[in-house]
Amino acid sequence: MAELLNNPNLMAKARSELGKVVGKEKMVEESDISKLPYLQAVVKETFRLHPPVPFLVPRKTEMKSEILGYAVPKNAHVLVNVWAIGRDFTIWSNPNSFVPERFLECEIDVKGRDFRLIPFGAGRRICPGLLLGHRMVHLMLASLLHSFDWKLEDGLKPEDMDMTEKFGFTLRKAQPLQAVPIKP
Ligand code: HEM
């Protein structure tokens, strides 16, 4: 929501897709999500720039090993910096900009198959709530966008928004978003 309020033209694109696919007569349903490629691209782009669990869950190695020439000792505490992977300029063009279009016509998904985008982790310890979380994020965002138009609190311009992040086990906005719904 913060990125869309920060980029009103992208908010308009996502709302226009919802208007065309779902229409005005009914609420968004789970079965609509597969028909909303732009909404899906917005969610992927959000997971890339703002992964909710930025270092995944800390792990400890059981044996010493070598990965890509780096020695990893036994009992090492391992963190995977997915936040940095999402902003790596050798992987992504214009990495610090919010551009959902990069995921249209693109095979990269978030299900642990492509290490460029692993907001739910990967492998044996991948998030067991992936399917539920993934579905709910789409459904919640789609419902908010479909039911209301949104604006910033009085007088605040998109370019003046504070988009700073606060790191912890989970990643949050340092300043909570204040968004005002407008009934269309
Ligand atoms: C957008 C929503 C969610 C995100 C981004 C997310 C992300 C993650 C990540 C990154 C991990 C660590 C994976 C790794 O280290 O490789 C994880 C683990 C886990 N998640 Fe989620 N999660 C989400 C929703 C959920 C939900 C809805 C549930 C439960 C209903 C859940 C339950 C768990 C559990 C139990 C683990 C620990 C798995 C283990 O260590 O074996 N998550 N999640």
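Student: What percentage of the residues in the protein chain is buried?

Tutor: Please keep in mind that this is a predicted model. A residue counts as buried if 20 or more other C-beta atoms lie within 10 Å of its own. In this protein chain of 184 residues, buried residues make up 22%.

Student: How many helices and strands does the protein chain have, and in what order do the elements run?

Tutor: The protein chain contains 5 helices and 8 strands. Read from the N terminus on, the order is α-α-α-β-β-β-β-α-α-β-β-β-β. The C-alpha trace spans about 60 × 35 × 25 Å along its principal axes.

Student: What share of the contacts joins residues at least 24 apart in sequence?

Tutor: Among contacts between residues at least 6 apart in sequence, 63% join residues at least 24 apart.

Student: Where is P58 placed, and is P58 buried or exposed?

Tutor: P58 belongs to the loop between α3 and β1 (59-60). Because 10 other C-beta atoms lie within 10 Å, P58 is exposed. Leaving out residues up to four places away in sequence, P58 touches H77 and L79.

Student: Which residues does L39 touch?

Tutor: Not counting residues up to four places away in sequence, L39 touches A14, E17, H138, L141 and A142.

Student: How does one describe two packed helices?

Tutor: Two packed helices are described by the angle between their axes and the distance between the axes. For α2 and α3, the axes come within 8 Å and cross at roughly 140°. At their contact, K13, A14 and E17 in α2 meet Y38, L39 and V42 in α3. The residues of this contact divide into 4 nonpolar, no polar and 2 charged.

Student: How many residues surround the ligand, and which are the closest?

Tutor: The ligand is surrounded by 16 residues, of which V53, G121, C127, G129 and G133 are the closest. The shell divides into 12 nonpolar, 3 polar and 1 charged.

Student: Which residue does UniProt list for "binding site"?

Tutor: An unreviewed UniProt entry lists C127 under that heading. C127 lies in the loop between α4 (82-86) and α5 (130-147). C127 counts as buried because it has 21 C-beta neighbours inside 10 Å. Beyond residues up to four places away in sequence, C127 touches F120, G121 and G133.

Student: Where is G112 found, and how far apart are the C-alpha atoms of G112 and C127?

Tutor: G112 is found in the loop between α4 and α5. The C-alpha atoms of G112 and C127 are separated by 9.4 Å, and the two residues are 15 residues apart along the chain. G112 is partly exposed, because 17 other C-beta atoms lie within 10 Å. Leaving aside its neighbours within four places in sequence, G112 is in contact with residues including I118, F120 and G121.

Student: Where are L56 and N75 found, and is each buried or exposed?

Tutor: L56 is found in the loop between α3 and β1, and it counts as buried because it has 20 C-beta neighbours inside 10 Å. N75 is found in the loop between β3 (70-72) and β4 (77-78). N75 counts as exposed, because it has 9 C-beta neighbours inside 10 Å.

Conventions. Residues are numbered from 1 along each chain as its sequence is written. This is a predicted model: local features need pLDDT of at least 70, side-chain atom pairs count only at pLDDT 80 or more; totals for chains, interfaces and linings use all residues. A residue is near a molecule or strand if its C-beta atom, placed from the backbone, lies within 6 Å of it. Ala, Val, Leu, Ile, Met, Phe, Trp, Tyr, Cys and Pro count as nonpolar, Asp, Glu, Lys and Arg as charged, and the others, Gly among them, as polar. UniProt positions are given in the numbering used here, feature names are shortened, and annotations may be inferred rather than shown by experiment. Helices (H or I, at least four residues) and strands (E, at least two) are DSSP runs, numbered from the N terminus. A residue is buried if 20 or more other C-beta atoms lie within 10 Å of its own, exposed if 12 or fewer, and partly exposed in between; C-beta atoms are placed from the backbone. Two residues are in contact if their C-beta atoms, placed from the backbone, lie within 7 Å. Axes are lines fitted to C-alpha atoms, for helices over the stretch in contact, and angles run from 0 to 180 degrees between N-to-C directions.
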